[in-house]
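Morning, everyone. Please keep the structure open while I talk.

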Amino acid sequence: MAEVVDRAKNFISRFVGDIDKNDATKQILIGAGSGWFSGYLAMRVAKTTAFAVGGGIILLQVASDSGFIKVNWTKVNKNLEKITETVEDGLSIGHNKTWSEKAVDFLKNNTPFTSGFIGGFLIGMAT
């Protein structure tokens, strides 16, 4: 498994390493292609996910109304308070950058790629 991960990392680093930061056209084309593919996949996955989640909600509601499921809301609220305190404590301590912060930094520093990706993603969602 580690060998597969290493090969994937090497492939990605070679692919991304070949992108010239000064060649905006190449960045836009790569961004548009990867955006289209991601958008197309997201649309297909979103439809399936929406169907599964919607069906699950309906089934849970029917089961709840029929008396098959009973929720102990007191216990749920206690656990929610504990989780909230833990998250707030974790955020107050200095933290490393999350993957979303790293992604935002990448997108800010690669504007042509980002604009191509967003355009391609929207086109992929439309097809």
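Helix 5 covers residues 111–126, and its 16 residues should span 22 Å at 1.5 Å a residue. The end C-alpha atoms sit 23 Å apart, which agrees. The expected span here is 1.5 Å times one less than the number of residues. Helices are DSSP runs of H or I with at least four residues, strands are runs of E with at least two, and both are numbered from the N terminus.

Before going on, the ground rules: this is a predicted model, where local features need pLDDT of at least 70, side-chain atom pairs count only at pLDDT 80 or more, and totals for chains, interfaces and linings use all residues. Residues are numbered from 1 along each chain as its sequence is written, and side-chain values use heavy atoms, with hydrogens and water left out.

Which residues of helix 5 are buried? Phe113, Thr114, Gly116, Gly120 and Gly124. Buried means under 20% relative accessible area, exposed means over 50%, and partly exposed is in between, with a 1.4 Å probe and protein chains only. Look down the axis of helix 5: the buried residues fall within an arc of 165°, so they line one face of the helix. That arc is taken from the directions from the helix axis to the C-beta atoms. On the other side of helix 5, Thr111, Leu122 and Ala126 are exposed.

What covers the buried residues of helix 5? The cover includes helix 2 (24–66) and helix 4 (99–109).

Now helix 2. Its 43 residues should span 63 Å at 1.5 Å a residue, and its end C-alpha atoms are 60 Å apart, which agrees. Its buried residues are Gln27, Ile30, Gly31, Gly35, Gly39, Met43 and Ala63. Just after helix 2 comes glycine 67, with a positive phi of about 90°.

Next, the rings. Rings of Phe, Tyr and Trp (its six-membered ring) pair if their centres lie within 6.5 Å; planes under 30 degrees apart are stacked, over 60 edge-to-face, and the rest tilted. The count by this rule is two aromatic pairs. One is tryptophan 36 with tyrosine 40, stacked, at 5.6 Å centre to centre and 15° between the planes. Both lie in helix 2, four residues apart, about one turn of the helix. Tryptophan 36 counts as partly exposed, at 37% relative accessibility. Tyrosine 40 is partly exposed too, at 29%.

Then there is phenylalanine 117 with phenylalanine 121, also stacked, at 6.2 Å centre to centre and 25° between the planes. Why about one helical turn between phenylalanine 117 and phenylalanine 121? Because they are four residues apart in helix 5. Phenylalanine 117 is partly exposed, at 27%. Phenylalanine 121 is partly exposed, at 26%.

One stop in helix 3, residues 73–92: threonine 84. Its relative accessibility is 36%, so threonine 84 counts as partly exposed. Its side chain reaches the backbone oxygen of leucine 80 at 2.7 Å.

Last, the whole chain. It has five helices and zero strands. Of its 127 residues, 11% are buried. Take contacts, meaning heavy atoms within 4.5 Å. Among those with a separation of 6 or more, 76% join residues 24 or more positions apart. The chain exposes about 10400 Å², and carbon and sulfur atoms supply 67% of that. Those areas come from the Shrake-Rupley method with a 1.4 Å probe; for residues, only the protein chains shown count as cover.

Conventions:
A polar contact is a pair of N or O atoms within 3.5 Å; within protein, one must be able to donate a hydrogen and the other to accept it, and residues adjacent in sequence count only if both atoms are side-chain atoms.
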